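Q: I would like to learn how to read a few features of a model. Could we go through them together?

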Amino acid sequence: MQRCGVDVKGAKLTVSFGRPATLVAGLAAFLIVLLADQISKWWILAVYHLPDRGSVAIMPGLNFTMVWNHAVTFGMLGGVGSKGPLLFCTVALIAVLALLWQTLRTPRMVVAIASAAIAGGAVGNVIDRIRFGAVVDFIHAHAFGWSWYVFNVADSAIVCGVIAWVIDSIWSDRRDAASRTRAETGAATVPGHGPAPHEH
């Protein structure tokens, strides 16, 4: 565990940083998601020319469908007007800074990877807004008349990262509760003599 201290009027402010392994894993997750997102979008636009094709069936239940998304992930919060890209970019970049700070601080591997993956996805979509004024969406899942929002690699990373973070938090809370229970049980027992006698 690395720590840095700052003395402010006699009071020491200490900030904890995560383990080297979590920092490396988080950085790797951020770069992998960002590169995978941007390379896939470049291929869709420059090589596959999906805007000219519109929608192409790839396999049962999966199409490549070109959508310029002016809203956020999965089309949420659309119709906010011409200031939408600036608003979304500003909010996304603030969120990215918070997520990267979490990646630096946490000692938990899953949280480091999840927060970095979410940040990588958010940066990928911000790059689209800066370049095109909208996000490049092209993955279209559907089956038996049901159709999901068209999304991209960045959206997938954001959703998977959130799910992984929530699951890890639930498991961590349960582990902490179990540890507290064992500690309380152990404190109420005298080794070699069974339960400690109660005072009357």
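This is a predicted model: local features need pLDDT of at least 70, side-chain atom pairs count only at pLDDT 80 or more; totals for chains, interfaces and linings use all residues.

Q: What about Leu27: buried or exposed?

A: Leu27 is exposed, with a relative accessible area of 52%. Leu27 also belongs to helix H1. In sequence, 85 residues separate Leu27 from Ala112, while their C-alpha atoms are 8.7 Å apart in space.

Q: Which residues form the nonpolar patch on the surface?

A: The patch consists of Leu27, Leu31, Leu35, Ile39, Trp42, Trp43 and Val47. Together they have about 710 Å² of accessible area.

Q: How do I read a pair of strands?

A: Start with the general idea: side chains in a regular strand alternate between the two faces of the sheet. Here, strand E3 (residues 55-59) pairs with strand E4 (residues 62-69) in the antiparallel sense, over 4 bridges. Met59 has Leu62 in E4 as its bridge partner. The hairpin of E3 and E4 has 2 residues between the strands, and Gly61 takes a positive phi near 90° there.

Q: What is the mean pLDDT of the protein?

A: The mean is 84, and 78% of the residues reach 70 or more. Over residues 74-80, however, the pLDDT is below 50. That stretch has 13 contacts in the model beyond near neighbours in sequence.

Conventions
Residues are numbered from 1 along each chain as its sequence is written. Side-chain values use heavy atoms; hydrogens and water are left out. Patches are made of residues with over 30% relative accessible area and no salt bridge: like charges are joined within 9 Å, nonpolar side chains (Val, Leu, Ile, Met, Phe, Trp, Tyr) within 5 Å. Accessible areas come from the Shrake-Rupley method with a 1.4 Å probe; for residues, only the protein chains shown count as cover. A salt bridge is a side-chain nitrogen of Lys or Arg within 4 Å of a carboxyl oxygen of Asp or Glu. pLDDT is the predictor's confidence in each residue, from 0 to 100. Contact means heavy atoms within 4.5 Å. Buried means under 20% relative accessible area, exposed over 50%, partly exposed in between (1.4 Å probe, protein chains only). Two strands pair if DSSP finds at least two bridges between them.
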